[in-house]
Amino acid sequence: ALGEEYSAAFPLFYGDREVSKGQIAKYVRFREVVRMFRDSGVKLVVHGSGYGYLNDYKGRLVIEGMLEEANADPELDTCWMILGGVDVEKYIRKYRGRVDLLHLKDFKPPYEESEYVIVRQNSIENRWRECYTAVGQDGVLDLPRVVKTAVECGTKWLIVELWNERESLENACVSAENIRRYL
């Protein structure tokens with residue numbers, strides 16, 4: 001009714017914390033939901049937030065399981081890809097032609113080195129007011145390479161995501177200028 005082209009779902013579960021039978025059932029249900037959206041003319045995408053980078057019952061990343069099992073498309077988020085331990089450009093290329101929406105979110109180092117993605121994620125979220133920054137400003141994201149890769153791979157929308165940090169409005173303007181520089 002609203003004419004929206006996309007809707008998004010977050011990771012279905014907390015990865016390796018659930019038994020595989022529960023994961024399988026959620027994948028099956030998600031496949032049905034994706035089909036229902038598609039039949040209604042809306043693309044249901046999987047937003048790759050932190051829990052998407054835990055492992056599922058097959059040892060895949062949860063986001064990969066959701067994409068494969070439901071034939072859904074990704075809505076990748078640069079911050080969570082970095083904290084999830086995946087190479088941002090390589091991951092965008094892996095899903096070439098399927099990443100219509102790319103969230104650009106940047107943060108200042110350091111973050112806690114840990115084998116657990118949630119520890120890395122929490123080390124940023126616990127200091128979000130100090131560590132989130134304008135995209136491409138003084139953070140960890142290699143914005144020129146990411147924008148180039150996204151454009152080459154057919155990304156339609158580069159979305160700046162800010163976390164209500166002290167300078168949100170200023171960071172939005174700086175982010176837009178930084179992105180424009182590489183388009």
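The following questions and answers examine how the elements of this predicted model are described and on what grounds.

Q: What makes H7 oblique to H8?
A: Helix H7 (residues 143–152) and helix H8 (residues 168–182) pack at an angle of about 60°, and their axes are 9 Å apart. Angles under 35 degrees count as roughly parallel, 65 to 115 as roughly perpendicular and over 145 as roughly antiparallel, with the rest taken as oblique. The pair H7 and H8 is therefore oblique. The crossing of these two helices is right-handed.

Q: Which residues make the contact between H7 and H8?
A: Leu143, Pro144 and Val147 of H7 meet Asn178, Ile179 and Tyr182 of H8. By class, this contact of H7 with H8 has 5 nonpolar residues, 1 polar residue and no charged residues.

Q: Why are H1 and H2 called oblique to each other?
A: The axes of H1 and H2 cross at roughly 60° and come within 9 Å. Roughly parallel would require an angle under 35 degrees, and roughly perpendicular one of 65 to 115. H1 and H2 are therefore described as oblique. H1 passes H2 in a right-handed crossing.

Q: What residues of H1 and H2 meet, and how are they divided by class?
A: From H1 come Tyr27, Phe30, Arg31, Val34 and Arg38, and from H2 come Val62, Gly65, Met66, Glu69 and Ala70. By class, the contact of H1 with H2 has 6 nonpolar, 1 polar and 3 charged residues.

Q: Why is helix H2 described as largely enclosed by the rest of the structure?
A: Buried means under 20% relative accessible area. In H2 (residues 62–70), 8 of the 9 residues are buried, so the helix is largely enclosed. The buried residues are Val62, Ile63, Glu64, Gly65, Met66, Leu67, Glu69 and Ala70. Their cover includes helix H1 (20–39), strand E2 (43–47), strand E3 (73–77) and helix H4 (88–94).

Q: Why does valine 33 count as buried?
A: The cut-off for a buried residue is under 20% relative accessible area. Valine 33 has 17% relative accessibility, and therefore counts as buried. Valine 33 belongs to helix H1. The C-alpha atoms of valine 33 and leucine 44 are separated by 8.4 Å, the two residues being 11 apart along the chain.

Q: Why do E1 and E7 stand at the edges of the sheet?
A: The open sheet has 5 strands in the order E1-E2-E3-E4-E7, with parallel pairing. Strand E1 (6–9) and strand E7 (157–160) each have a single partner strand, so one side of each is left without a neighbour in the sheet. On average, neighbouring strands of this sheet are turned by 30° against each other, direction ignored.

Q: How do you know that the neighbouring strands are paired, and in which sense?
A: Two strands pair if at least two bridges are found between them. E1 and E2 are joined by 4 bridges and run parallel; alanine 9 has valine 46 of E2 as its bridge partner. E2 and E3 are joined by 3 bridges and also run parallel, with proline 74 in E3 as a bridge partner of valine 46. E3 and E4 pair over 3 bridges in the parallel sense, and aspartate 77 is partnered by histidine 103 in E4. Between E4 and E7, which run parallel, there are 4 bridges; leucine 102 stands opposite leucine 158 in E7.

Q: What makes E2 a mostly covered strand?
A: In E2, 4 of the 5 residues are buried, and the strand is mostly covered.

Q: Which way do the residues of E4 point, and are they buried or exposed?
A: Leu101 and His103 point one way from E4, Leu102 and Leu104 point the other way, and all are buried. In a regular strand the side chains alternate between the two faces of the sheet.

Conventions
Residues are numbered from 1 along each chain as its sequence is written. This is a predicted model: local features need pLDDT of at least 70, side-chain atom pairs count only at pLDDT 80 or more; totals for chains, interfaces and linings use all residues. Side-chain values use heavy atoms; hydrogens and water are left out. Axes are lines fitted to C-alpha atoms, for helices over the stretch in contact, and angles run from 0 to 180 degrees between N-to-C directions. A crossing is left-handed if the near helix is turned anticlockwise from the far one by less than a right angle, and right-handed if clockwise. Contact means heavy atoms within 4.5 Å. Ala, Val, Leu, Ile, Met, Phe, Trp, Tyr, Cys and Pro count as nonpolar, Asp, Glu, Lys and Arg as charged, and the others, Gly among them, as polar. Buried means under 20% relative accessible area, exposed over 50%, partly exposed in between (1.4 Å probe, protein chains only).
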